[in-house]
Amino acid sequence: MARKTMIAGNWKMNCLQKDGVDLAKNIALKVKNNKYNCEFLVCPPYTLLYSVKKALRGTKIALGAQDSHQSDKGAHTGDISPQMLKDIGCEYTILGHSERRTDHHENNALVAKKAQAAYANGLKTIICVGETAKQREDGETLAICAKQVRGSLPKESNATNTVIAYEPVWAIGTGKTPTAKDVEDVHAAIRQVVAKKFGAKTANNMRILYGGSVKPSNAKEFLSLPDVDGALIGGASLKADDFLAIAKSVC
Ligand code: PGA
């Protein structure tokens, strides 16, 4: 199975109804008019899932959420369950993003539980890992990423239901990026960790995205690396032209 490039947009806490629907329609229009050989995914905030789903009807662009709870339902004020996301038409849920690990104190064990609940409801996951600036300075990048991959992917993870995103925390939204060699080294190391836990076949088929200040001007450098299977894009995914220009650099 060749790994199909994934171009995923993480809209984070951005866009009101009109902006979100316009953005989705704009992306859909541009995707339709071009032949891209990649899988597109957009992950708007919860409030936009329903209207973006409608805007994307008839396209091949998949819909994802930015987090989901570890339970199907119950007394969890303010949370959203994987069952609800499936019901509204999501195919993916992002789990363990560094902003959730920081803002909501999520750890690897919780991310693994959330992933199990997501799979049980037929959702696929994008599980995020990545080191902080301090961990990088201390030479801990590979060890931290390995620990996060081992701890955040439950035994039910496989190459069909799971995508990993390597996102160095210090590169997210900062305009700073690692070198292409650093990215390839981390991705190759992550693939080895997956091989050890799930076997060589799964490791060979599982997609590993790079995320952290990806933009049209640097996309080709990262996306043409052998172990980089696409991008998880924050800021640049809020402009249809930039999002598509990133796809165009590889797909
Ligand atoms: P960025 O965000 O592209 O704005 O750096 C990436 C992410 O957090 O997924």
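1. A word on the model before the details. This is a predicted model, so to speak, in which local features need pLDDT of at least 70, side-chain atom pairs count only at pLDDT 80 or more, and totals for chains, interfaces and linings use all residues. Residues are numbered from 1 along each chain as its sequence is written, and side-chain values use heavy atoms, with hydrogens and water left out.

2. Let's start with helix 5 (residues 108-120) and helix 7 (residues 141-152), whose axes come within 7 Å and cross at roughly 40°. Helices here are DSSP runs of H or I with at least four residues, strands are E runs of at least two, and both are numbered from the N terminus. The axes are lines fitted to C-alpha atoms over the stretch in contact, with angles running from 0 to 180 degrees between N-to-C directions. The two helices are therefore oblique to each other (under 35 degrees is roughly parallel, over 145 roughly antiparallel, 65 to 115 roughly perpendicular, and the rest oblique).

3. From helix 5 come N108, A109, V111, A112 and A115, and they meet K147, Q148, G151 and S152 of helix 7. Sorted by class, the contact has 4 nonpolar, 4 polar and 1 charged residues.

4. On to the charged pairs: the whole structure holds 17 salt bridges (a side-chain nitrogen of Lys or Arg within 4 Å of a carboxyl oxygen of Asp or Glu). One of them joins D67 and R100, at 3.5 Å from N to O. D67 sits in the loop between strand 3 (62-65) and helix 3 (82-88) and R100 in helix 4 (residues 98-103), so the pair ties together parts that are 33 residues apart in sequence.

5. R100 also has a salt bridge with E106, where the closest N and O atoms are 3.0 Å apart. R100 is partly exposed at 22%.

6. Finally, have a look at helix 8 (residues 180-198), where D185 and K181 are 4 residues apart, about one helical turn. Their side chains form a salt bridge of 2.6 Å, N to O. D185 is partly exposed at 35%, while K181 is exposed at 57%. Elsewhere, salt bridges with shared partners join R3, R191, D227 and D229 into one network.

Key:
Contact = heavy atoms within 4.5 Å. Nonpolar A, V, L, I, M, F, W, Y, C, P; charged D, E, K, R; others polar. Buried < 20%, exposed > 50% of the residue type's maximum accessible area, 1.4 Å probe, protein only.
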